[in-house]
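Subject: Structure handover

Hello,

Here is the structure to look over. My notes on what was found follow below.

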Amino acid sequence: MGDSDGEDIKETPELPVEIVVYILSFLHASDRKEASLVCRSWYNASQDLRFQKNVTFCFPASASSLELVRGLGCKTRCSLVISQLDGFSMSRSLLLEVGLCLGSKLESLALPGSSITEASLLALLPRLTSLRRLDLRGLDSLFMSGAFLSREEHRQQVRSALSGLEELDLSDLRYLSDLTFNRLTGCTPRLRRLSLAGCHIAFEFDPYRGCPVGAVEDSSALLSLRNLKRLLKEQKSTLVALDLSRTSITPESLRTIAQVQDLVLEELCLHGCKELTDYSVEALVKHQPSLQRLNISACTELTSRSVEAIAGGLKSLMHLSLSRDWRITEKGLADLLSVSSLRSLDLSECLNISGPEMVKGLTGSKAARARLETLSLKSCTYIRDLAVFSLTQLLGDTLCELDLTSCVNVTDLSVCAIATYLHRLVVLRLGWCKQVTDWGLLGMVETSKSEPDDEMGDKGPRFTRTFGNMGFFKPPRLPFEERPKLVTQNDLEQFTQQPGASLLALNRLQELDLSACSKLTDSSITQVVRHPDLHRLSLSMLPEITDASLASVAWHCRSLISLALSHCPGISDRGLAQAAPYLHRLQHLYLSCCNNITDRSLFILMQHCKRLRTLDISRCKNISVTTMDLLQSQLPFLENVHYKFIGGADLTLSL
């Protein structure tokens, strides 16, 4: 012992920072954040410039935010999202500090949910000489008076600072007019992306002057098509993306915009423009054939004629959204999926889609078919197992995201096909697929049913006398009402010895939604939800799962950021106590209507889940308001707490 005590203790030499940076480059951002807590040298390595791209700091306006802004002054570049700014001294001081500490380093600035004064912003903008993106959405307080940038000296100062601005978001501005729009865009001569979503734009008629748009000079009350067209002409050499979602744009107005000479758009968003017709889409395709991203979702007048026009004219298209275009049918989908550049397709809530034409379009040669990476078939109720099976076979090499939410005819066969062929899958959504059972997740074949009536087959309505002497016909069982045969311990032993095409095969999974798949139990959740890179998981409305599932998920999925367990009566304090020590990264937790959750769970969250930002405990009758208030004071990042009707509040008293 004496000799060993006298031996020299050699310290392990530190790795060079270049080697640590190289190691960290293989990690996801959340893992890299954890690794930065190891020691000072690893923290310094995590701040390397290669890891600072697209890093955005989000925080509300408060006294503590001043120190945060000063601390960011050591960075070479950064992006900010500052919420809850107002016209008081704290907000003015914060904006002044941003200008002083980050003026030449700030690349992106967004001010959501704020109500700042013109003077505060005019004092800040001239200092932001490196700004590339400015988000002013919803800031009506800036434009209400109509005097924003009315003075020439202010415009000159802002123009010199924002000459390199590339993205400008003016969405949802009620008081944006020709005059204020011209003043602001006159300071940003090199725009590449412009958003006017939700703005009040007069496309054909000026309701204030009672005359057609274009017959008068610039309006101080509204933004006109004539003025927008003038901007497009002035900045046609740089502008490539335009967002006119939720506006009243007409077919003729869209044609006018598309025909602007030498304007070459790559991205166009027209979500919720309900007046658009097939004619307008055909004109758009004819005059803007270079479009790569097109969103015409919720344009309810469009039919398959628009799909055929897009398939024939947009040969460089990469992303297309047709969500909630209810009149679209299978017609044209085969040609659309023959566009080899297409990477993302959203057909959610297109109720007439069943899949055969999609399969037909993908069965051609690899060089002449879409290589989809993202596919959404949400609420396409005619999609069945055969279509899913064919699509998974054809897209197995490329598909990374698949949304089958509310595809009520999808069964275990589809789940097995997904697990067998889609090994690159990162996002899988199966919410409300009520025919999915434990057998599908386990990749096993259900041998028999638990109901004797099912073994005899469906014989249609049966006559019964259950109400006195009156006779009633008992309707046949619906498929999602049938209870599958329960998975036994012998079945699980067979699964561990000879695993089939279970969800375990999807080892890249980062998001999984199994909400409202009411036939799922602990038998499958504990065995197959074992994905170390899983970030988001929804198990809401699964009445059969218990604390065993929660404990297993926490142990195997330690990268979870969001976990939804609402309406799960089997989840209790005991399960949360077992899970919380492994969920240090958890930021969003949903526990509404979990009546076995009490104040004890909140104390557990205070101890282990320090990064929690969103918590939903509404309708949890065993949680007190006092403990909830304590939780809010103890968790520094907690922003959104939903606690409606906690503590056994009388729901009949609510409005």
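The protein chain exposes about 31,100 Å². Carbon and sulfur atoms supply 51% of that area. Accessible areas come from the Shrake-Rupley method with a 1.4 Å probe, and for residues only the protein chains shown count as cover.

Some ground rules. This is a predicted model, in which local features need pLDDT of at least 70, side-chain atom pairs count only at pLDDT 80 or more, and totals for chains, interfaces and linings use all residues. Residues are numbered from 1 along each chain as its sequence is written, and side-chain values use heavy atoms, with hydrogens and water left out.

**Confidence**

The pLDDT (the predictor's confidence in each residue, from 0 to 100) averages 87 over the protein chain. Of the residues, 86% score at least 70. Two stretches need care. Over residues 448–457 the pLDDT is below 50, and this stretch has 12 contacts in the model beyond near neighbours in sequence. Residues 466–470 also have pLDDT below 50, with three such contacts. A contact means heavy atoms within 4.5 Å. Where pLDDT is low, the predicted coordinates should not be read in detail.

**The chain as a whole**

The protein chain has 26 helices and 26 strands. These are DSSP runs, numbered from the N terminus: helices are H or I with at least four residues, strands are E with at least two. Of the 655 residues, 49% are buried. Buried means under 20% relative accessible area, exposed means over 50%, and partly exposed is in between (1.4 Å probe, protein chains only). Take the contacts between residues at least 6 apart in sequence: 78% of them join residues at least 24 apart.

**Pockets**

Rolling a probe the size of a water molecule over the atoms shows where empty space is left. The search uses a 1 Å grid over the protein atoms alone. A cavity is a set of points where a 1.4 Å probe fits but cannot get out. A pocket is an open set with protein on both sides within 12 Å along at least five of seven lines. Lining residues have an atom within 4 Å of a point. Grid points are joined across faces, edges and corners, and a volume is the space filled by probe spheres set on the points.

The largest pocket holds about 1,700 Å³. It has 42 lining residues, and Lys33, Val55, Thr56, Phe57 and Cys58 are the closest to its centre. Helices H3 (29–35), H4 (40–46) and H5 (63–71) and strand E1 (56–60) each supply at least two residues of this lining. By class, the lining has 17 nonpolar, 15 polar and 10 charged residues. Here Ala, Val, Leu, Ile, Met, Phe, Trp, Tyr, Cys and Pro count as nonpolar, Asp, Glu, Lys and Arg as charged, and the others, Gly among them, as polar.

The second largest pocket holds about 350 Å³. Of its 22 lining residues, Arg193, Asp243, Glu267, Cys269 and Arg293 are the closest to its centre. Several strands each supply at least two residues, including E4 (133–135), E6 (193–195) and E12 (267–269). Its lining has nine nonpolar, five polar and eight charged residues.

**Cavities**

The whole structure has four cavities of 30 Å³ or more.

Leu375, Val388 and Thr392 are among them. Helix H17 (residues 385–395) gives the most, with three residues.

**Around E13**

Pro289 counts as partly exposed because its relative accessible area is 41%. Not counting residues up to four places away in sequence, Pro289 touches Gly313 and Leu314. In H13, Asp278, Ser280, Val281, Ala283, Leu284 and Val285 are buried. The buried residues of H13 pack against helix H12 (251–258), E12, E13 and H14.

Thr300 lies in the loop between E13 and helix H14 (304–313). Is Thr300 buried or exposed? Thr300 counts as buried, because its relative accessibility is 16%. With residues up to four places away in sequence left out, Thr300 touches Lys274, Arg324, Asp325, Trp326 and Arg327.

Best wishes
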